[in-house]
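Colleague: I'd like to learn how to read a model like this one. Can you walk me through it?

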Amino acid sequence: MLRRDFVKTLSGAGAAAVGASLAGPAEAQWIKRRPKVEIGEVARVRVDVLTETSWFDNTRLKQNIVAYGGAGTNQYSIPWDWDNAGGYSALITVTTLEGETRKILLDTGWNTEWMDYIYRRNGVDRMLAEGEIDFLVISHWHLDHAWGLASALKHNPDIKIIAPGTLYPEDRTLLGGGRLTARSHDGDDVVICQNDHPHTGPLVLTEEAGENDSGIYRPMPGMAIRLFDVPILLRVRGENVLYFNVKDHGIVTVTGCCHPGLLNLFAYARRNFEDARPYGCYGGLHLTVFESWDPRFDDIIRGIEYFGIEKIACNHCTGWLFAEKAAAAGLPIVRGTDAFRDYPKVSTVAGSSNVFLTNGDAVTFG
Amino acid sequence: MTTLVDDGAGPVAGGPHTTAQLRGVAIGLANLAALAGITWLVWYVLLHPNGVLAFYTPMYGFSLVATLLAVIVFMSRIAEGWPFSAWPLAWPIRGAVMTAVALGAVYGLVHGLFWGGLGRVAVTYFSPYAIIAEGGVGAEFFNAREIASTAIVYFDAAFLVVALVWSAGVGRWPWHRVPVGVRVWSKTATVVLLSGLLFLVAFHPHVAHLFYPAQSMAGVTPWWRELSMTSSAFFNLGVLLCVVMAVVLSELTWEGEPWGRFDRQGGAAAKGVTTLLGSALIGLWFLYLLWQLMNALWYEPFVGGQRLDGPHFRYLHAGEVAGFVILSAYILKVCFGNGPGRGSLAMRALVRTALILAGAVAMWFFYYSPLATLALGKVPGIASPDDTSLVVTLLFLCVVLIQAEFFGRGPRAAATVDRPGR
């Protein structure tokens, strides 16, 4: 029995007809509907994985979280293991229809020592200093995506930043230059993040309404940024998602953690963008992040098949488990290389199947 | 011992005068405020993410609360207060003893029966220690405890459904003529057996698929997958909670009707069957209404959708809303003597149902408002995968039921005079 049949069965069960008349049609007019927007096109998008290893030992990270209150606790109240901290950051290179290249930095990682190393290794420090990077997008205010701000701002404090407007006072402190501490169970105040390079450039704090109530921000033709104001673990709210419309291919999403849900992003694009066709994705998908399965992840694998996504480049909080199971189910997972093994630190859950696009890898859409 | 379905303490102390009615409402509000305060205190100490024990991981805390509710329902509805009801104790002492026994039972059931017993000798997933001992992907304490807690929550849900339907449907039948001890043991055995069967059908396939690789030789691929657009047992949980809501409304709010007439005409068995089928129909209808309402608010969900777009969330949310309705119904009954006591049954039922739904809507808005962030420490917004309103709803319900069932509604009962004939 399919879902529609089930709904029909319900409607046939006595008073359901009354219910239907009370509730109105399924596509009622309560949803705020905006006219579809044309976001333009780009020729190509390349994503270089600067670092996707936000932490190196899952067990230690979980111990930190559980010891200080679990998933709902405030991330600024946990004295995290500094040695276990890494970071998430990606360099996006967009080729416009005119053949120009534009560079965007997505997120700034967590541990500033790790991030300094990562930016130096990939030449991002020079790109920042010489103004080659157009702007920095903070996907969301999780520690592993934003607490490494100093590593980027020290090279260019004037860079334009586009960040979720759902920030807390602590996030503002970090952005404006400051140091934050958390108290350990031993009573010690531990420095958990620090930024000695206050941001002095333009700051765009995104809202769900977007520019001119369009729902999105359009920093360049063929690109859109949308803030999905969703509740996230560790008291964080809202994630910026980057959309690119690649000519002759379709929509590509680039995410930090994809907390709103991968298919939700494509569903949004279909509802709100002109001629939106799912094409590919890059980033964390926040599924089996702690190597635990749930039947609803099976639903996502089925859903990706239905949506017809052609290129899935995932890493970070996706969880190796999901990537391996998705690959086994025949989904178009972009394989990584062994480049990550050349880095001084490797995640303890790194598998041998290369289903992750990990540190040192790259993917091109278009 | 007081049973909620047998009496009807009204808001009116001695007569229909306005001042007396206002006094009843004032006492009810004070009672409600006290219960809410106790709930918040327990929440902060046991569950709040930045509280004392921070058990809201979320599933571990959920399992403790769900088990406490199951124990309260068992002690009051299946065991009928036995053996405590026979003890010549003042209500505060009896209430304290029963509360202590219930809390001890929660610890014994979760850490003893499930973690130390069943999980070690029968079904691995009931014990985090057994899961870790078996090893495999993700087999460490946090994950293992979440999995075991999920299984326990589902077993509690199955027990609550069977216990409440049995209690409201057939009551003491067919053991109504035997000594209370025999009756309690017989009802217990029957309800536990049926709960086990319901758990196996509705929830076991989900728990068996919480592992990698899926334990498909132990549990079938969720049979409801095509039917519901999701492999998650939130589908069954949502349906069953809506059914329980229908049972509670009939028993508490509609004074046992319309199923009571079947008892008078065909006996307890007939009432039991009609209670089950009728409540299932009402529950499914309610689910259908909510489904349509959610579609109108958030578009239609789709396979693989997450958060608001996820079918699994829609079912869970239907269950969460049913939880608000159930709590609202108990608050009206316990704190406000079930609201209006005059007029025809149909009118009373209509007004009470309207009040209960209004209360449920108020709870919904509170839970998803910034106020709940201050009070409960949750992130603002709907459909967080790490949060369900069921935990605080069920905790509040536990506190309400402890006052009503263990403490004989005291001290509120002492402040009002029960009105006969309701």
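This is a predicted model: local features need pLDDT of at least 70, side-chain atom pairs count only at pLDDT 80 or more; totals for chains, interfaces and linings use all residues.

Colleague: What else describes the way helix 9 of chain A passes helix 10 of chain A?

Modeller: Two packed helices are described by the angle between their axes and the distance between the axes. Here the axes come within 10 Å, and the crossing is left-handed. Helix 9 of chain A brings A:Leu262, A:Leu263 and A:Phe266 to the contact, while helix 10 of chain A brings A:Ile300, A:Gly303, A:Ile304 and A:Phe307. By class, that contact has six nonpolar, one polar and no charged residues.

Colleague: And which residues touch the most other members of the largest nonpolar core?

Modeller: In soluble globular proteins, nonpolar side chains tend to be buried together. The largest nonpolar core in this model has 236 residues, and those touching the most other members are B:Leu69, B:Ala158, B:Val161, B:Cys242, B:Val244, B:Met245 and B:Cys398. Helix 5 of chain B gives the most to this core, 19 residues. Take B:Cys242: beyond its neighbours within four places in sequence, its contacts include B:Gly283, B:Phe286 and B:Ala318.

Colleague: How many residues does each chain put into the contact between chain A and chain B?

Modeller: Chain B gives 54 residues and chain A gives 56. On the chain B side, helix 10 of chain B supplies the largest share, 10 residues. That side has 25 nonpolar, 20 polar and nine charged residues.

Technical notes
Residues are numbered from 1 along each chain as its sequence is written. Chains are lettered from A and ligands numbered from 1 in the order in which they are written. Two residues are in contact if their C-beta atoms, placed from the backbone, lie within 7 Å. Helices (H or I, at least four residues) and strands (E, at least two) are DSSP runs, numbered from the N terminus. Ala, Val, Leu, Ile, Met, Phe, Trp, Tyr, Cys and Pro count as nonpolar, Asp, Glu, Lys and Arg as charged, and the others, Gly among them, as polar. A nonpolar core is a set of buried Ala, Val, Leu, Ile, Met, Phe, Trp, Tyr and Cys residues joined through C-beta atoms within 7 Å. A residue is buried if 20 or more other C-beta atoms lie within 10 Å of its own, exposed if 12 or fewer, and partly exposed in between; C-beta atoms are placed from the backbone. Axes are lines fitted to C-alpha atoms, for helices over the stretch in contact, and angles run from 0 to 180 degrees between N-to-C directions. A crossing is left-handed if the near helix is turned anticlockwise from the far one by less than a right angle, and right-handed if clockwise.
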